[in-house]
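Let's talk through some charged side-chain pairs and the reasoning behind the labels they get. Have a look at the model first.

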Amino acid sequence: MRAWVTRWLRRIVIVLIVFWSGGIVLFSFLPVPFSAVMVERQLSAWLHGNTGYVAHSDWVAMEDISPWMPLAVIAAEDQTFSSHRGFDVAAIRKVLASRGENTPMRGASTLSQQTAKNLLLWDGRSWLRKGLEAGLTVGIELVWSKRRILTVYLNIAEFGEGIFGVEAAARHYFHKPASRLTQAQAARLAAVLPNPIRLKANAPSGYVLARQQWIQHQMRQLGGLTFLRPVRGEKRLDVKRIF
C-alpha cells in the first residue's frame with residue numbers, strides 16, 4: 001500500500017514539474033489566456049453560488065500599455081526589480097529579522113515571485129506554496145526577460161472583483177485603453193495591488209489616495225520614464241534588462 005502511494009505521488013510530482021516547466025517555456029512568448037489565481041477565483045465563486053462572477057482579462061502587449069504603468073508597479077512593489085535575479089535578499093533579511101517582534105510581518109515578494117504565484121500557483125499563505133513559488137521564480141528568471149515578466153504580471157494582476165490585467169482595469173475604472181493611462185491613473189491602479197478586493201480604484205479611501213501620492217513620488221525619485229529606457233553605458237539600474 002505504501003509503495004503504491006509513493007509511486008502515485010512520484011507520478012504527480014513529475015506531471016506537475018512537466019506542466020510548470022512547459023508553462024514557463026510556452027508563456028515566454030505566447031499570450032497568457034488565464035492564470036491559476038483567475039481559475040481559483042472563478043471556481044470559488046461558483047462553489048459559493050456566485051454565478052454572476054466572471055474572471056475577466058484582455059491580453060495586451062507591452063507596446064499597448066502606457067509606460068507609466070510598469071513604472072508605477074515597480075515603484076510600488078519592487079524597486080530593485082531591474083537588478084535582482086528574482087529575490088530581494090535585503091528585504092527577505094528584514095522580514096526574517098522582524099520575526100518574533102510585535103510589529104506585523106511585511107512582505108518581501110518581488111514582481112517575479114508575484115508573477116510566478118499568480119500564473120502557476122494558488123493564493124494564500126503556506127510554506128509549501130512559498131517553496132514552490134521560489135522554484136518557479138528561478139525558472140521564470142532564467143527563461144524570461146525582465147520585460148516579459150512585467151508584461152505577464154501586468155496582464156494577470158488582480159485589480160478588483162473579477163478584474164484581471166491592466167487593460168480590463170483601465171477600461172473598467174477609467175473608460176480608456178491601458179495605452180492611455182496617465183501617471184496618476186497608473187499610480188492609482190498600483191495603489192490597490194496589495195488588496196484589490198478591499199481597496200477600490202474607483203472609490204479610493206484615504207489610504208489609497210495617500211498611497212497613490214507616495215507611488216507618484218517614488219516614480220519621480222526613480223527618474224520617471226527614463227528609468228525604463230535603455231541608456232548606452234548605463235550600469236546603475238541595469239535598465240537594458242527591462243526595455
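Q: Which residues are linked in a network of salt bridges?
A: In this predicted model, the network joins Arg-41, Lys-117, Asp-123 and Glu-158.

Q: Why is the contact of Arg-41 and Asp-123 called a salt bridge?
A: Their side chains come to 2.7 Å, N to O. The cut-off is within 4 Å for a Lys or Arg nitrogen and an Asp or Glu carboxyl oxygen, so the pair qualifies.

Q: What makes this a link between distant parts of the chain?
A: Arg-41 sits in helix H2, while Asp-123 belongs to the loop between helix H5 and helix H6, 82 residues apart.

Q: How do you know that Arg-41 also forms a salt bridge with Glu-158?
A: Here the closest N and O atoms are 2.9 Å apart, and because the limit is 4 Å, this pair counts too. Glu-158 is in strand S1, 117 residues apart from Arg-41 in helix H2.

Q: Why is Glu-158 called buried, but Arg-41 partly exposed?
A: Buried means under 20% relative accessible area.

Q: Is Arg-211 buried or exposed?
A: Its relative accessible area is 14%, under the 20% cut-off, so Arg-211 is buried.

Technical notes
Residues numbered from 1 in each chain as written. Predicted model: local features only at pLDDT ≥ 70, side-chain atom pairs only at ≥ 80, totals over all residues. Heavy atoms only, no water. Helix = DSSP H or I, 4+ residues; strand = E, 2+ residues; numbered from the N terminus. Buried < 20%, exposed > 50% of the residue type's maximum accessible area, 1.4 Å probe, protein only.
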